[in-house]
Amino acid sequence: MVNRLADATSPYLQQHADNPVDWWEWGPEAFAEAERRGVPVLLSVGYAACHWCHVMAHESFEDARLADYLNERFVAVKVDREERPDVDAVYMEAVQAATGQGGWPMTVFLTPDKEPFYFGTYFPPQPRHGMPSFRQVLEGVDAAWRERRDEVAEVAGRIRAELAERAGVFGAGSGLPAPGAEELEQAVAGLRRGFDAARGGFGGAPKFPPSMVLEFLLRHHARTESPEALELVARTAEAMARGGIYDQLAGGFARYSVDAEWVVPHFEKMLYDNALLCRVYLHLWRATGDPLARRVALETADFMLRELGTSEGGFASALDADSVDPQTGQTAEGAYYVWEPGQLVDALGPADAASAARLFSVTAEGTFEQGASVLQLLNDPDDLAEYQEIRTRLLRARAERPAPARDDKVVAAWNGLAIAALAECGALLDRPDLVEAATRAADLLLSVHLDAAGRLLRTSRDGKPGGNAGVLEDYADTAEGFLALYAVTGEASWLQLAGGLLDTVLLHFTDEASGSLYDTANDAEELIRRPQDPTDNATPSGWTAAAQALLSYAAYTGSERHRTAAERALGVVGALGVRAPRFVGWGLAAAEALLDGPREVAVVGPADDPRTAELHRTALLGTAPGAVVACGVPGGEAEVALLADRPLLDGAPAAYVCRHFACEAPTSSVAELAVKVAARR
């Protein structure tokens, strides 16, 4: 037996390096081996922070007898879905089509030609709850492969044909106009119908942070002054911030709530959730001045720096849900985060423990397993100083517990989202250290992830690049981050670098005939189908993230090519947004920007003039949907089109606001500029 995962970039794959299973990484060598031996491939897909992935690993993949059987009859391939989202997307689509559900770990059996023929997710070591054991599944698949090969081939061929029929289905949306005011109103109405008026958010349990939808609703409010759109955001944001899904001691959000009340989270913390939510809370504060939103935005930014920051300047992917329970010595989900009344007494003493229990809703009955409570902050504290002291002391006590493991691979797309959030947060909330952190992360992407041909690699670890090509979301979200850095710093190189990434999107990811976008490049590894999906998942879809970045870049540069590409990409959003707005929030947000212009704000003046800085900050505080902001002095080698031919106003710094190919009179008045870049006017 040879396990080949010890040198993998992915921490998830390395977690399986000591298994008795003869694991291979995804690649042509594994399928050639399956062909040589005449056996099927077991494809197991998961990720490092996945609780049930760990469970199945301990129960099955560490079982020597089961591993012997598996190694004899299959070629076993392990994939980190975060490194290979293309592989995950293609086979997850097959799993969902065949079983009506999906999730991780994902377990798929393939022919040596990569065709799937049997599917599942988690399989237990013994039959239970109507599920066969993993050993029974292996035996059944092996028997079918050896005794009914024609039947297996027929099933595999049928599935491949069905997936091929799905290919290009979203291209049918091309040729449609981008959604207009009527479609966007219908999307808001659809969200209203699915809104949980009692508890915030949309739908029932499990309940996920609707980051992209909230961004759309904030932009819709900015354009229309709809009080209802703002209320949906404010109520959801407050419910999440006060609930157990938010870490009340250290900041940062967990992946989702297992209940509809935001009380008990699935405790893994992902970079992408926190980057997206940091930006949402920042934009909510920008729209309303809400102090809770401001606090959560800053605490979430600080969480990313403190707990996800890497020594190379990037941001790690996730913190595990599981950690060692110091009381039992066993690994358990949430052990690092939950509290029992006696633990409060140990940390604080009886009097302060009683105060902490009231503040954070810790009870003898508990809200989690075995009488433990997930901390909530259902009301603002009466004594802010006492609250801060208790938080500090509890956080110090919690730091003595065994911490969850960290998946420290750097993913380009998610770092792009973090760069955008930190750059904006730092600029708007007077935290230059956050802008510096965003710049360091961007520098890492340039030095490690971007090759000489301008192509992105998706992952790195310890400053060393992984071998996986970037997918559409990597290009789009990295461009988004660079554009945000340009808006904040005025350094034209970030705008130029974003343009290079977006040119690659147009050349390698875009269907010229339809304007639709693919998740993989036209020169990427060929899978059984080329993945393509404009709907959001845990992150914005690459399709609509690219549309937003293309639109912003066009506003900066005047490029008709990029604007047309954005408009064509948004054609599919109109139909999807009316039918299923919860799943295309980022596309709807981009459509709001398109409908508003987006507004183009040029601030001209010397960098060392305080009046320039004041105008620049005012422009960044504007709520106009997707507005772009350029700040600098006209002229020079790296002149940005938006700044060209914009003179000072009577020798003073000035701001120019344009949209829909028309410009208003320039102003040196901060108050006047604030009106020009604010909500509906």
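Colleague: Is phenylalanine 61 buried or exposed?

Modeller: Buried means under 20% relative accessible area, exposed over 50%, and partly exposed in between, using a 1.4 Å probe and protein chains only. Phenylalanine 61 has a relative accessible area of 2%, so the residue is buried. Bear in mind that this is a predicted model, where local features need pLDDT of at least 70, side-chain atom pairs count only at pLDDT 80 or more, and totals for chains, interfaces and linings use all residues. Residues are numbered from 1 along each chain as its sequence is written, and side-chain values use heavy atoms, with hydrogens and water left out.

Colleague: How many aromatic pairs are there?

Modeller: Rings of Phe, Tyr and Trp (its six-membered ring) pair if their centres lie within 6.5 Å; planes under 30 degrees apart are stacked, over 60 edge-to-face, and the rest tilted. That rule gives 22 aromatic pairs. Tryptophan 23 belongs to strand β1 (residues 23-25) and phenylalanine 61 to helix α3 (residues 51-61), 38 residues apart. Here helices (H or I, at least four residues) and strands (E, at least two) are DSSP runs, numbered from the N terminus. Tryptophan 23 is buried too, at 0% relative accessibility.

Colleague: Which residues do ring pairs link into a cluster?

Modeller: Trp23, Phe61, Phe123 and Phe134.

Colleague: And where does arginine 530 lie?

Modeller: A charge sits over a ring if NZ of Lys or CZ of Arg is within 6 Å of the ring centre and within 35 degrees of the ring normal. Arginine 530 lies over the face of tyrosine 518, 4.0 Å from the ring centre.
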